[in-house]
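Please look at the structure before reading on.

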Amino acid sequence: MALDDHPAPPPPPCDGDPPSAGLHHHEAGGTGQRPVAGPRVTPCPPCDTSEVPALDDATKILRELDPPSTQSLIARVMVLVQRELSPGRTLPLDDPTLSLQIAERAASAVLRRAADEVPGVTTASCRLTRSGLSTGVRVRMTLIAGMNRPLPETAGLVRRSVADVSGHRLGLSVTAVDITVVEIHHRAA
């Protein structure tokens, strides 16, 4: 019987050695002996789909990095949580004792809604800052407005709505409402 009569058996699966660790056991002639250390001469079809140098480099870099300590990881998470839960800047309410304040984020949301109630207006942004007075607040809004009325009229309606809500509902003393129209949308006829 000739040696060529039987097809060669498939190579056994690798023993888990990484490609850089040396020859795989089936490359050592299938003798069951441990392979000789050294660079791989041939690819290992059962384990390799391709050799990716970038993946090898990334793996080496990650292995060399020191893992972050538990304490530093906890500290980083806490900083992120505190930022998310922080009320942000506060603004004074029109209170003679000067002890009542409101978060800018909360006041801005209410004033945006007041501007959005004006037909044809969508608020793009709303910023509140302290004015020169001790309890005064200046409002700066950017709007997207429709062409259903002249822009000065639309701005006047937004100013009145914002001033009414800020004074009567929030208790903010608004000294000015600055409006910038950043986009105009046209109604379909």
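Among contacts in the protein chain between residues at least 6 apart in sequence, what percentage join residues at least 24 apart? The share is 49% for this model, which is a predicted one.

**Overall architecture**

The protein chain contains four helices and five strands, and, read from the N terminus on, these elements follow the order α-α-β-β-α-β-β-α-β. Of its 189 residues, 26% count as buried, while the accessible surface of the protein chain amounts to about 13200 Å², with 59% of that area belonging to carbon and sulfur atoms.

**Salt bridges**

| Pair | N to O distance |
|---|---|
| Arg89 and Glu104 | 2.9 Å |
| Arg138 and Asp178 | 2.6 Å |
| Asp178 and Arg140 | 3.8 Å |

Taking the pair of Arg89 and Glu104, whose closest N and O atoms are 2.9 Å apart, one finds that it links distant parts of the chain, with Arg89 in the loop between helix 2 (70-85) and strand 1 (90-92) and Glu104 in helix 3 (residues 104-116), 15 residues apart. Arg89 is partly exposed, having a relative accessible area of 42%, whereas Glu104 has a relative accessibility of 8% and therefore counts as buried, the cut-off for that class being under 20%. Arg89 and Glu104 are also linked with Arg127 in a network of salt bridges.

Asp178 takes part in a salt bridge with Arg138, where the closest N and O atoms are 2.6 Å apart; this pair links distant parts of the chain, since Arg138 lies in strand 4 (residues 136-146) and Asp178 in strand 5 (residues 173-185), 40 residues apart. The side chain of Asp178 also meets that of Arg140 in a salt bridge, at 3.8 Å from N to O, and here again distant parts of the chain are linked, with Asp178 in strand 5 and Arg140 in strand 4, 38 residues apart.

Key:
Residues numbered from 1 in each chain as written. Predicted model: local features only at pLDDT ≥ 70, side-chain atom pairs only at ≥ 80, totals over all residues. Heavy atoms only, no water. Helix = DSSP H or I, 4+ residues; strand = E, 2+ residues; numbered from the N terminus. Buried < 20%, exposed > 50% of the residue type's maximum accessible area, 1.4 Å probe, protein only. Contact = heavy atoms within 4.5 Å. Areas by Shrake-Rupley, 256 points an atom, 1.4 Å probe, with all protein chains shown as cover. Salt bridge = Lys/Arg side-chain N within 4 Å of Asp/Glu carboxyl O.
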